[in-house]
Amino acid sequence: MRGSLVVANWKMHGCRASVSDLVVGLKAELDDDIQAAVVVCPPYLFISQVADALSGTAIQWGSQNLSEQAEGAYTGEIAAPMLAEAGCQFAIVGHSERRLLYAESDQQVAAKFAAAQGVGLTPILCVGESLQQRNSGEALDWIERQLQAVIDAVGMGAFAEAVVAYEPIWAIGTGKTATPEQAQEVHAHIRQVLAKADPVLAEALQILYGGSVKADNAAQLFAKADIDGALVGGASLNVAEFAAICRAAV
Ligand code: PGA
């Protein structure tokens, strides 16, 4: 069931008016000839607004994060059941900005992955190495460790309803995209690591690339055998740019 998937990560951008412009623009631009599934992940506060605007369209929505707790005294957190009630179908977990700026551990990321699946959300599990790790030849081992932590916690079977996103930290928001060859090498490795646990599930899994994906580099990335779509940050805030990326995913 590979197919392609393009996910917009709006991060902490926008206001009611700009979100309205974005969804109106996306509805107009993403017509029937888009083959990829398209998901937008707004800031929490705008999820209901996006849900109202996009329900009945082919565009789906998700969250950028979630709590690993189902409910309780966790001030400032958002629980998976709340997201499900808001019509989310996806939840990004383990984005490097969460891991680095908010000290999320592999174990916490795995717990969030499980919490998302517990209410039927599809987790989009982000993994990726720093520039220093890449330069010292540790990238593949590091990513394997990030994946293994989740496999250990939830079992490989859980990857039947999940997406993995490879996002090299050095490529996020920097304008320095991984070359299609660099990305393909890691995507193939991710598939191999998962195939050790379950080759059939590994083959069916969608693995997205993220890190400075733009309209002008998307097609070359998507042409690679193990790249099944993209997780798009900055370029997803521009309707024409994002729509062009979606159109490049076949
Ligand atoms: P970018 O962000 O496209 O702005 O590099 C990608 C991401 O962080 O998901």
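**A parallel barrel and its ligand**

Eight strands close into a barrel here, in the order S1-S2-S3-S4-S5-S6-S7-S8, with parallel pairing; strands are DSSP runs (E, at least two residues) numbered from the N terminus, and two of them pair if DSSP finds at least two bridges between them. From one strand to the next, the twist averages 25°, taken between N-to-C directions of lines fitted to C-alpha atoms, on a scale from 0 to 180 degrees. Keep in mind that this is a predicted model, where local features need pLDDT of at least 70, side-chain atom pairs count only at pLDDT 80 or more, and totals for chains, interfaces and linings use all residues. Numbering starts from 1 along each chain as its sequence is written, and side-chain values use heavy atoms, leaving out hydrogens and water.

For a look at one pairing, take S6 (residues 163-166) and S7 (residues 206-210): four bridges join these parallel strands, and Val 163 has Gln 206 as its bridge partner in S7.

Now for the ligand. Glu 167 puts a polar side-chain atom 2.7 Å from a ligand oxygen. Polar backbone atoms come in too: one of Gly 173 sits 2.6 Å from a ligand oxygen atom, and one of Gly 234 is 2.8 Å from a ligand oxygen atom. The protein buries 97% of the 280 Å² that the ligand exposes when taken alone (Shrake-Rupley, 1.4 Å probe).

Note on methods: Polar contact = N/O pair within 3.5 Å; in protein donor to acceptor, adjacent residues only side chain to side chain.
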